[in-house]
Amino acid sequence: MSKLRIGGLVRFSANDYPGALAAVVFCQGCPWNCEYCHNPHLLAPAPASSLNWDEVLHFLEKRSGLLDSVVFSGGEPTLQSGLLDAIGQVKNMGFRVGLHTSGAYPERLQELLANIDWVGLDIKAPFSRYEKITGVTGSGERALASALMVERDPADFEFRTTLHPALTSEKILEEVADELSKIGGGKWQIQPFSARGSRIGGVSRVRMEGLAGRLARGNLQVAVRC
Ligand code: SF4
């Protein structure tokens with residue numbers, strides 16, 4: 001049995017793997033502590049959920065042919081050494097595999113990439129300013145190493161950034177755009193912060209109109225999800 005610790009399961013999603021219907025497995029635990037995290041209950045290493053991996057597999061067996069993919073999200077899925085086995089089991093069932101990651105463990109990401117079809121890599125800030133968001137020294141270096149890795153790997157990927165009005169000004173996004181463009185570009189999706197489930201709230205909405213055009217440069221294709 002995989003030792004994957006499960007924090008939750010979304011049985012059907014059309015939004016978590018581009019162009020595919022997915023089940024989303026929320027993995028427990030994260031080494032970072034972003035103030036705006038909308039899944040703070042997933043940060044502790046031990047799950048509050050009573051769901052285990054065997055139950056998830058049982059559910060997936062019944063969805064074979066009805067869902068295209070399984071997305072491992074979190075928390076931070078690459079925190080767990082059981083992830084590689086879990087991915088193998090899901091692939092053997094015929095599902096495509098997606099991964100949502102912050103890039104906190106580039107060494108593990110490297111091991112996993114050969115078995116992953118699509119990666120959504122969270123980009124929180126310019127790499128030199130990560131600590132302000134994550135609260136963890138060295139987090140920017142780890143995220144940069146992971147970003148360079150997905151750029152080099154044949155698996156499809158997308159960078160994803162949450163726009164929080166107090167933490168991610170447009171000027172900061174301009175810096176992120178320059179950095180992502182410099183390392184090779186690719187798809188970059190920006191989504192507004194949602195207070196639902198997070199430990200902070202009461203912020204005004206950010207002006208998103210025209211943002212994609214202002215941030216696009218070089219090989220960077222920007223999409224804004226409102
Ligand atoms: S890296 Fe993701 S899961 Fe971890 S604290 Fe930050 S937003 Fe939450």
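Analyst: What follows is a look at one helix and the strands around it.

This is a predicted model, in which local features need pLDDT of at least 70, side-chain atom pairs count only at pLDDT 80 or more, and totals for chains, interfaces and linings use all residues. Residues are numbered from 1 along each chain as its sequence is written.

Helices (H or I, at least four residues) and strands (E, at least two) are DSSP runs, numbered from the N terminus. Helix 6 (residues 170-183) forms a right-handed β-α-β unit with strand 6 and strand 7. Right-handed means that, with the strands pointing away from the viewer, the path from the first strand over the helix to the second runs clockwise.

Helix 6 has 14 residues and spans 20 Å from its first C-alpha to its last, close to the 20 Å expected; the expected span is 1.5 Å times one less than the number of residues. Its buried residues are Leu-173, Val-176, Ala-177 and Leu-180. They lie on the same side of helix 6 because they cover an arc of only 105 degrees around the axis, taken from the directions from the axis to the C-beta atoms. An α-helix has 3.6 residues a turn, so residues three or four places apart point the same way. Exposed Lys-171 and Lys-182 sit on the face turned away from the buried side. Buried means 20 or more other C-beta atoms within 10 Å of a residue's own, exposed 12 or fewer, and partly exposed in between, with C-beta atoms placed from the backbone.

In strand 6 (residues 156-163), 6 of the 8 residues are buried. Strand 6 pairs in the parallel sense with strand 7 (residues 186-192) over 5 bridges; pairing takes at least two DSSP bridges. Within this pair, Thr-162 is bridged to Gln-191.
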